[in-house]
Amino acid sequence: MVFKPASNGSIYASFGQSALPPGSFLANSDISRSNDQAFPGLTGQNNQGSKVQKAENFEIGTKWNLFDNRLSTTAAVFRTERSNIGMGTTSVVGYGKQIVEGIELGASGSITRAWNISAGLTLMDSKRKHSAAVDAAIAGGGGGADYGGATTTNGDELAFTPKIAANLWTTYRVLPDLTVGGGVQHLGTTYVGRPDTADRVIKNGVYGKTPSYTVLNLMAAYQVSPKLTLRFNIDNATDEEYVAGSSWNGQRVMLGAPRTFLVSADMKF
């Protein structure tokens, strides 16, 4: 549903719903492993006796074009909820929910004829919801180590789901043939743990967190002729050491690329 209060702006609302039958997450090759080491697992949400999962997404937002339609801006609030998630260590003992909600802000286009910008910000809150009976069954049925001595994971954040993600990229044409630019990417901390499609539930903090990071990128471009442009990029200009990916327990991580210099040419024929 879309409402246009002005020629350069709109307000919208959307709702979507989908269903996932048991077994929808069995494509991972690790499923060949036995018992609770199987991934994503056969005892809970992939158990043939589990209910059909439901996923619902709500979003309300607005879009506005500014500066004579040179700059597009967006803002939205959203909520995604998965329900009927079968949980248990040897069989389904109850059903839980996984909820992600937050806001998104964005801008893309030109502020002036020489100044371009692209920016985005997402703030999220995620959590699990399930009963005390589910906690008791998991903590007392072989999942105690995953709980780290805690009695509940109800209300915990979802693994690998940051509270904040942001990016900014901007360029400025300082001379008719010379453009310089730069940008930053930021990702907040996340708890390591089993993905939300796995049956095993890891208590927040048992295996630690991936640290937040901010990466700075720089560039310069010179138009030699209408058919040739030379570019010079410095990615990760501060040589930030950061974790770009991690195994579920944090024992293996993939580091992001170090400071990288790149010279390239764009040619038109």
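A residue counts as buried under 20% relative accessible area, as exposed over 50% and as partly exposed in between, using a 1.4 Å probe and protein chains only. This is a predicted model, where local features need pLDDT of at least 70 and side-chain atom pairs count only at pLDDT 80 or more, while totals for chains, interfaces and linings use all residues. Residues are numbered from 1 along each chain as its sequence is written, and side-chain values use heavy atoms, leaving out hydrogens and water.

Let's start with the rings. Phe58 is partly exposed, at 37% relative accessibility. Aromatic rings (Phe, Tyr and the six-membered ring of Trp) pair if their centres lie within 6.5 Å, with planes under 30 degrees apart called stacked, over 60 edge-to-face and the rest tilted. The count comes to four aromatic pairs. One of these joins Phe15 and Phe58, and because their ring planes stand at 40 degrees, with centres 4.8 Å apart, the pair is tilted. Phe15 belongs to strand 2 (residues 9–20) and Phe58 to strand 3 (residues 53–66), so the pair ties together parts that are 43 residues apart in sequence. Strands here are DSSP runs (E, at least two residues), numbered from the N terminus.

Next come charges over rings: NZ of Lys or CZ of Arg must be within 6 Å of the ring centre and within 35 degrees of the ring normal.

| Charged residue | Ring | Distance from ring centre |
|---|---|---|
| Arg194 | Trp248 | 4.5 Å |
| Lys209 | Tyr191 | 4.7 Å |

Technical notes: Helices (H or I, at least four residues) and strands (E, at least two) are DSSP runs, numbered from the N terminus.
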